[in-house]
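Here's a quick tour of one protein model, written for someone just starting out. Have a look at the picture first, then read on.

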Amino acid sequence: MRLVLNNKYEMLREWLNRLPETFYTQGEVIYDARNQIRRIVPCIVEWSEEEPLIVKRFHRPFFPNRVIYSCLREPKAARAYFNAVSLLQKGIATPEPIAFILCGKHLLSESYLITRESRLTHLMREFTLDYRPELNDLIRPFARFTARMHDAGVLHLDYSPGNILWDKTGDGFLFEIIDINRMRIGKKVTLQEGCRSMRRICARTEFFKVFADEYAQARRYDPAETKRWILHYRDRFWDKGRKAKYEYD
């Protein structure tokens, strides 16, 4: 077993060493599909905060990927952990990484990612298909957040409504990104790459009019061209790739 632990959370080491054996007996399940995610409060004296942690157990890879993840490439849990460290260093919000665990004698069998729980309470999927003018106050700061991320050389390769958290505070809106094992960090994000990254957000054209104007202004691009590329990639992804039948306009 390989355990990589954030130095701030050394008090959790013993608990984490036992986690692969006790995972299914702890906490509550908040997501259960190919991977399982649990909200767990560590039952140790040193964890005085009584704050739950988020533990994601990645499914056992198919055999070819077990070889690749064991010999050639970091597994998803490791990538998500190190990506989170890089994002926070760049000022891009994501839940704080605590540790990752890789299990398997010779080849990877299972892996775990442990993070703090986000305090944000909303997902972007709540409104993308239900555009209303009053949502512009949220869309504009979301566009600026996305532009700042792209200007920092961060490209989320699964920028979907379920992977973007938000909340409103007295000072405005906050955003965080999750499910970050598939990212590109450190390379310039072009206009087309930035627009293409929005393709998984199945929103109405009015949504993207507002988004494109704010995003283009933040990155000094032409708003009309930005909107055209965003809608091009949206339509191609949903109409051809997924055969979705959403009514855009």
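Is Cys202 buried or exposed? Cys202 is buried, with a relative accessible area of 5%; here buried means under 20% relative accessible area, exposed means over 50%, and partly exposed is in between, using a 1.4 Å probe and protein chains only. Keep in mind that this is a predicted model: local features need pLDDT of at least 70, side-chain atom pairs count only at pLDDT 80 or more, and totals for chains, interfaces and linings use all residues. Residues are numbered from 1 along each chain as its sequence is written, and side-chain values use heavy atoms, with hydrogens and water left out.

**Cysteines**
- You'll find zero disulfides in the structure, where a disulfide is a pair of cysteine sulfur atoms within 2.5 Å.
- The closest cysteine sulfur to that of Cys202 is in Cys195, 17 Å away, which is too far for a bond.
- Cys103 counts as buried too, at 11% relative accessibility.

**Helix α1**
- Helices (H or I, at least four residues) and strands (E, at least two) are DSSP runs, numbered from the N terminus.
- In helix α1 (residues 13-22), the buried residues are Trp15, Leu16, Leu19 and Pro20.
- These residues cover an arc of only 145° around the axis, so they sit on the same side of α1; the arc is that of the directions from the helix axis to the C-beta atoms.
- Over on the other side of α1, Glu14 and Glu21 are exposed.
- The buried residues of α1 pack against β1 (2-5), β3 (36-40), β4 (53-58), β5 (97-103) and β6 (110-116), with contact meaning heavy atoms within 4.5 Å.

**Aromatic rings**
- Rings of Phe, Tyr and Trp (its six-membered ring) pair if their centres lie within 6.5 Å; planes under 30 degrees apart count as stacked, over 60 as edge-to-face and the rest as tilted.
- That rule gives 17 aromatic pairs.
- Phe23 and Tyr112 make an edge-to-face pair, 5.5 Å centre to centre with 65° between the planes.
- This pair links distant parts of the chain, 89 residues apart: Phe23 is in the loop between α1 and β2 (28-32), and Tyr112 is in strand β6.
- Both Phe23 and Tyr112 are buried.
- Trp229 and Tyr233 are stacked, at 5.7 Å centre to centre and 25° between the planes.
- Trp229 and Tyr233 are separated by about one helical turn because they are four residues apart in helix α7 (residues 223-241).
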